[in-house]
Amino acid sequence: MYRLAELDADSAGLVRVIDYFDALVRHGSDTASLLRASAQLADCVVGIEIVERGRSKKNLRRCDPRGRWSPDPQLPPSMTRNIAVDDEVLGTVWIERPGASLPLDEMLVDRMALTAAIILQPRRLPTEAEHTRNLLFPMDELAVLTSCAGLGIAPQTPVRVMATKAVSDTADGTAHLVISPDCTPGKAVGIDADGEYLNLVTGSFAPTPELSEAALSSFIRAGISLTAPASEVSTILSTARFARAQASATTPIVNADNLGALNLLAPGPHIDHSRIPDLVRAEEIGDTKQGLELLETLRSYLQSGTLRAAADSMHLHHSSVAHRLAKLSQHVGFHVDAIENRARATAMMLVLDGG
Amino acid sequence: MTTFPTLDPELAAALTMLPKVDFADLPNARATYDALVGTMLADLSFDGVTLRELSAPGLDGDPEVTIRFFTPDNTAGPVPVLLWIHGGGFAIGTAESSDPFCVEVARELGFAVANVEYRLAPETPFPGPVDDCYAALLYIHAHAEELGVDPRRIAVGGQSAGGGLAAGTVLKARDEGVVPVAFQFLEIPELDDRLATVSMTNFVDTPLWHRPNAILSWKYYLGGSYSGPEDPDVSIYAAPSRATDLTGLPPTYLSTMELDPLRDEGIEYALRLLQAGVSVELHSFPGTFHGSALVATAAVSERGAAEALTALRRGLRSLSPVS
């Protein structure tokens, strides 16, 4: 098995360490197996000392990576953590790494202490719903990684949020759409958040006609967010809600991808432009001379209002303008000259020109 | 994703740190497995043990079979010998991958160990691999005196696919009647290509070994002429579970793992050996999975390893003097 030294000290590595200790808790570890497993992962001697009131004798255990107890020599701890439950210190854990500490040593002793606390004073583990909620409304970065581990989702996995809500307040507030497990990342589950229902879905998720039918017949409107890595999914939650607000009886499920740069109008945290497919594609097109020409044509078309006016201002035949717009539409993935996309195309150009 | 609530906590934690082996992609599976074992071999000490390579003539004009032959230092007189066959689904692994176990048997029990480098499927399908094991057995028996081993105390053992090859070799030895095998040592053996047991049917995503891998494994091993579990022409030396007569086989130790699709075929084989009058010690370890012994420091693995050594020691203990 991989040892701590072989793991990258990035968010994926941190999640693997969390997951390692979570597995111990899930499967009913005791302190002896916690110590053996910790030594195995750390690949050095680890120890635990538990405070016992009214006893002067030290309740201390040390273990080496081969599972041997009380190994010699006893080195000074290279890193120590208190085992704390509700401000009460139950004892300490430590590792005895000879030489320089590893970048993940700190995470390792943190998790050892946390796991020891759970073993010594059993508490309920967070449910999958709580982990999902933690990802969408995170306290801090560590909480995010903990929930990634709890749900079995690698932090870099691309995911989306689907926000659903019944059309009227009289309808059942918990109304939501059923998402197939194939479209759900890890063990994430749908959660209720202030009368709105939130699902994590995979980055490749696209609503089927059946799902749209189901939304229509149960008077549900849904919005699907832009794509982001699981560890940053909270930053794109607003785009799911924004998309839902645009849903209607004709389009009961709106994908934020199809709102393009208009997503930047969504209230909430700043949205990275690289998450908006329209802007990514427009940037790519802008890298070539021919692409710049296509974008210039759209700019002119949007300013002048008609193909003919754009053609006049560019000294082109109007069919050339139409041809260029069709070509650009192919590249960016939507009809840039369609009336319903007017705002989307304009927003794309505004952001391109403004950035 | 199945979570396997009965999985032992130490094994569950280790599992999060084990690389995934995709048996459908053999070059990759071989490389991943060798790398995994390589780190364990790196700090292996050969103290108290001598290792040399032997070459046994192949069966019926087959190429020579390499044997990694371990002998304990400081012994007097002929010692018992274990013919050992490594695992790897018939298609991956090397004899060297079993060196840590061979060294331990030689050092702790004072036995010689003949670790067979049999040819792998699918490059060499049945009967090549089991013939290589049998050729090694013939060689050890025929050269017992010069190798310093006791020809009346030969055990044949293996792990996983090696367990299946060991059972096949022992059946062949019984039928040929040349080498008297004193003890059969089958760890988590792969015995039955028919894949019909409850564990083999239900365990489709268990760690390290599961039904999809088992299907591939038998396809690799039984070669192009194999038509699947219904094939009536599969040899008992390939799939020992197909043998209808298990009488006359040597005393046996057989271990199985709880979350292993091979669990039930192992237990059934043990049961049928018992019913045929063979003395059997059977042990199923709780909370374990196929190959979980790789996580050697887990308490349940230590228990399993200690018991395996005890069973071997008892299996090849000195025979009572015949008066």
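## A salt bridge across the interface

Glu10(B) pairs with Arg36(A) in a salt bridge, with the closest N and O atoms 2.7 Å apart. The rule finds 1 salt bridge across the interface of chain A and chain B. It also finds 5 residue pairs in polar contact across that interface, both partners at pLDDT 80 or more.

This is a predicted model. Its scores are ipTM 0.81 and pTM 0.79. Chain B has a mean pLDDT of 94, and 98% of its residues reach 70 or more.

## The interface as a whole

Chain A puts 20 residues into the contact, and chain B puts in 20 residues. About 1600 Å² is buried between the two chains. Carbon and sulfur atoms give 65% of that area. Three residues stand out on the chain A side: Met1(A), His27(A) and Arg36(A) supply 37% of the area that chain A buries against chain B, more than any other three residues. Arg36(A) is also the chain A partner of Glu10(B) in the salt bridge.

Which helices of chain A each supply at least two residues of the side that touches chain B? They are α1 (11-26) and α2 (31-42). The largest share, 6 residues, comes from α1(A). By class, this side of chain A has 9 nonpolar, 6 polar and 5 charged residues.

Thr297(B) sits in the loop between β8 (280-289) and α10 (299-315) of chain B. Is Thr297(B) buried or exposed? It counts as buried, because its relative accessibility is 11%, under the 20% cut-off.

The side chain of Thr297(B) makes a polar contact of 2.8 Å with that of Gln40(A). Leaving aside residues up to four places away in sequence, Thr297(B) touches Arg36(A), Gln40(A), Pro65(A), Arg66(A) and Gly67(A) on chain A, plus Glu10(B) and Glu302(B) on chain B.

## A covered helix in chain A

Helix α5 (residues 141-151) of chain A is mostly covered, with 9 of its 11 residues buried. The buried residues include Val144(A), Leu145(A), Cys148(A) and Leu151(A). Among the elements that cover them are α1, α3 (105-120) and α4 (128-136) of chain A. Helix α1(A) also gives the largest share of the side of chain A that touches chain B.

Asp140(A) caps the N-terminal end of α5(A). One of its side-chain oxygens lies 3.1 Å from the backbone nitrogen of Leu142(A). After the helix comes Gly152(A), with a positive phi near 70°.

## Salt bridges within chain A

Over all chains, the count comes to 28 salt bridges. One of them joins Arg160(A) and Asp257(A), at 2.9 Å from N to O. Arg160(A) lies in strand β5 (residues 158-166) and Asp257(A) in the loop between β10 (253-255) and α8 (277-285), so the pair ties together parts 97 residues apart in sequence. Both residues are buried.

Glu106(A) and Arg81(A) form another salt bridge, at 3.6 Å from N to O. Glu106(A) is in helix α3 and Arg81(A) in strand β3 (residues 79-85), so this pair ties together parts 25 residues apart in sequence. Glu106(A) is partly exposed at 45% relative accessibility, and Arg81(A) is partly exposed at 24%.

Methods:
Residues are numbered from 1 along each chain as its sequence is written. Chains are lettered from A and ligands numbered from 1 in the order in which they are written. Side-chain values use heavy atoms; hydrogens and water are left out. pLDDT is the predictor's confidence in each residue, from 0 to 100. Helices (H or I, at least four residues) and strands (E, at least two) are DSSP runs, numbered from the N terminus. Buried means under 20% relative accessible area, exposed over 50%, partly exposed in between (1.4 Å probe, protein chains only). A polar contact is a pair of N or O atoms within 3.5 Å; within protein, one must be able to donate a hydrogen and the other to accept it, and residues adjacent in sequence count only if both atoms are side-chain atoms. Contact means heavy atoms within 4.5 Å. Buried area is the accessible area (1.4 Å probe) that two parts lose on being put together, summed over both. A salt bridge is a side-chain nitrogen of Lys or Arg within 4 Å of a carboxyl oxygen of Asp or Glu. Ala, Val, Leu, Ile, Met, Phe, Trp, Tyr, Cys and Pro count as nonpolar, Asp, Glu, Lys and Arg as charged, and the others, Gly among them, as polar.
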